[in-house]
Amino acid sequence: MTRTEKLEMVKISTILVMMVLSMVMMTMVESSRSVDVDGDDSEILRRHLLANGLGVTPPMGWNSWNHFSCNIDENMIKQTADALVTTGLSKLGYNYVNIDDCWAEIARDNKGSLVPKKSTFPSGIKALADYVHSKGLKLGIYSDAGYFTCSKTMPGSLGYEEHDAKTFAEWGIDYLKYDNCNNDGSKPTVRYPVMTRALMKSGRPIFHSLCEWGDMHPALWGSPVGNSWRTTNDIKDTWLSMISIADMNEVYAEHARPGGWNDPDMLEVGNGGMTKEEYIVHFSIWAISKAPLLLGCDIRNMTKETMEIVANKEVIAINQDPHGVQAKKVRMEGDIEVWAGPLSGYRVALLLLNRGPSRTSITALWDDIEIPANSIVQARDLWEHKTLKQKFVGNLTATVDSHACKLYVLKPVA
Ligand SMILES: *[C@@H]1O[C@H](CO)[C@@H](O)[C@H](O)[C@H]1NC(C)=O
Ligand SMILES: *[C@@H]1O[C@H](CO)[C@@H](O)[C@H](O)[C@H]1NC(C)=O
C-alpha cells in the first residue's frame, strides 16, 4: 500500500470504530431511558407536556385573591393593570392580571353562558380583556371543576367545560385558574382533563393552572393536563403557613420543568403578616422553586419595602432561568437548611435558610450542591446586590438571622 492508501485505511477504520462506539452508546442511552420513565429523564417527561407553548418559564403577574378575596370589580382590576405598568413591574415580567373567584352572577344566562356580575363588572370581561391587552398585559380568569366555585357566589364549569372554554377564548382570556370546590366527588384526574380538552378545542392558547390543592399529587399526572399544578392547600399570610407550604412543594421538585410547574400558591409579600426578612425568605424560596410568581398584594399601594423585594431583578432571573430546574433541600440540620439548584451557564443557586429563633452560621458544602470539589467559586449575594471579594473553595459559610436567608448565585471561575 502507498502512504496515501495507508492513511485512507486508518481514516476508514477510525470512522468505523467511532460508528460502532456511538451505536453502542445510543443503545445504552435508549435502554436507560426506557427504564427511567418516572425518574429525572427530562427528555422523556417533556414529551408529556401540554402542547400549548405556554409556561416555558414560570408565569409572573398578579392575582386578586390573597388581598381582596371577593371584594373585586372592573375598576380595581384596571387600576391594577395600570399600576403594573407604572411601577415598572410589567417590564420585569409581571404580565398576568388574574381575576380570582366572585366575578360572575350566580346564574348562567338562557344560553348557558357565565354572566359577568352586573354590579361589579358592568362592562363585561371582553372589554376588560381588551383594556388589559392594550397595556401589553394578559388577563386571567377563574373557574372551578365543580357545580359552584369555592365562594358559592357563582357557578363552576363542571358539565359546561366546552361552553365555558369557548366563552373564555371569545373574551380573550389568557390564563385559567381551575379550582376544586363543590364537585361531584369524582377524582380530579377525571374532571381536570375535561377542561384541558375544552381549552384545546377552543383554539386559544390559555395557561391552565390546576388548583386541586395537591390532593391527588398532581405533580405526578399534571404535565399533560396543565401548565402548573397546586401542590398544597391555600397559603396564609404567616411564617408557619408559608414555610410549611414550601416544604410540601419541595417534595415534588423532580416534576417541575419548562411548560409544567409545581405551584405552592400565590405570594403574600406586601400583605403585612410577615416581617421583611420572612417575606424575603418567601420570595427567595418561590423563586428558586420555579414557582409561579403571582403577586397577591395591592399593587396600587405598595410600600418601598415590598417593591424592593418583588422587583429584585436578580432573584426574578433565577426564577426565569432557561434551565427551569427546581431547587431542592440538599442538607437539613435542625433549624438550618441548605437549598440548591442548577442554573444555566454552570451556575448554581444557593439558599441558606435559618428557620430557628436565633442567629446562626450555615455552611454549604460543594459536595452537597454538586460543584466539583476543587472548583474556585465566585459568589453573588442577591439581596445585598454584591459580588463577594472572597473566592470560595469547597464550601461557603454565612451568618444568617432568625427567620431569614442568604441567597447566592455561585459561579465556578477556575
Ligand atoms: C395603603 O397601604 C397602607 C399601609 O401600607 C394602608 O394603611 C392604607 O390604608 C392603604 N391605602 C389604601 C387605599 O388601601
Ligand atoms: C471550608 O473550606 C476551607 C478551605 O477553603 C477549609 O479550610 C475548611 O475546613 C472547610 N470547612 C468545611 C466545614 O468543610
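The model is a predicted one, in which local features need pLDDT of at least 70 and side-chain atom pairs count only at pLDDT 80 or more, while totals for chains, interfaces and linings use all residues. Residues are numbered from 1 along each chain as its sequence is written, chains are lettered from A and ligands numbered from 1 in the order in which they are written, and side-chain values use heavy atoms, with hydrogens and water left out.

Lys-177 and Asp-100 form a salt bridge, with 2.8 Å between the closest N and O atoms. The pair connects distant parts of the chain, 77 residues apart: Lys-177 belongs to strand β4 (residues 175–179), and Asp-100 to the loop between β2 (96–98) and α5 (124–134). A salt bridge here requires a side-chain nitrogen of Lys or Arg within 4 Å of a carboxyl oxygen of Asp or Glu. Helices (H or I, at least four residues) and strands (E, at least two) are DSSP runs, numbered from the N terminus.

## Further salt bridges

The whole structure contains 24 salt bridges. Side chains of opposite charge can pair when their charged atoms come close. One of the salt bridges joins Lys-406 to Asp-381, whose closest N and O atoms are 3.0 Å apart. Because Lys-406 lies in strand β17 (residues 404–412) and Asp-381 in strand β13 (residues 376–381), this pair ties together parts that are 25 residues apart in sequence. Both Lys-406 and Asp-381 are buried.

Salt bridges with shared partners also unite Asp-247, Lys-329, Glu-337 and Arg-355 in one network.

Lys-329 is located in strand β9 (residues 328–333). Its relative accessibility is 15%, so Lys-329 counts as buried; Glu-337 is also buried, because its relative accessible area is 4%. In the salt bridge between Lys-329 and Glu-337, the closest N and O atoms are 3.3 Å apart.

With residues up to four places away in sequence not counted, Lys-329 touches Asp-247, Glu-250, Glu-337, Val-338, Trp-339 and Arg-355. Contact is defined as heavy atoms within 4.5 Å.

## The setting of Asn-66

Asn-66 is part of helix α3 (residues 65–68). Its relative accessibility is 18%, and Asn-66 therefore counts as buried. The side chain of Asn-66 reaches two backbone oxygens: that of Met-266 at 3.4 Å, and that of Leu-267, which lies 3.0 Å from a polar atom of the side chain.

Apart from neighbours within four places in sequence, Asn-66 is in contact with Ile-235, Met-266, Leu-267, Glu-268, Asn-271 and Gly-296.

## The second largest pocket

The second largest pocket holds about 290 Å³ of space. Its lining consists of 16 residues, and Glu-277, Ile-280, Trp-383, Glu-384 and Cys-405 are those nearest its centre. At least two lining residues come from each of α9 (276–288), α10 (304–310), β16 (395–400) and β17. By class, the lining comprises six nonpolar, two polar and eight charged residues.

A pocket is an open set of points on a 1 Å grid over the protein atoms alone, where a 1.4 Å probe fits, with protein on both sides within 12 Å along at least five of seven lines; lining residues have an atom within 4 Å of a point. Volume is the space filled by probe spheres set on the points, which are joined across faces, edges and corners. Ala, Val, Leu, Ile, Met, Phe, Trp, Tyr, Cys and Pro count as nonpolar, Asp, Glu, Lys and Arg as charged, and the others, Gly among them, as polar.

Methods
Buried < 20%, exposed > 50% of the residue type's maximum accessible area, 1.4 Å probe, protein only. Polar contact = N/O pair within 3.5 Å; in protein donor to acceptor, adjacent residues only side chain to side chain.
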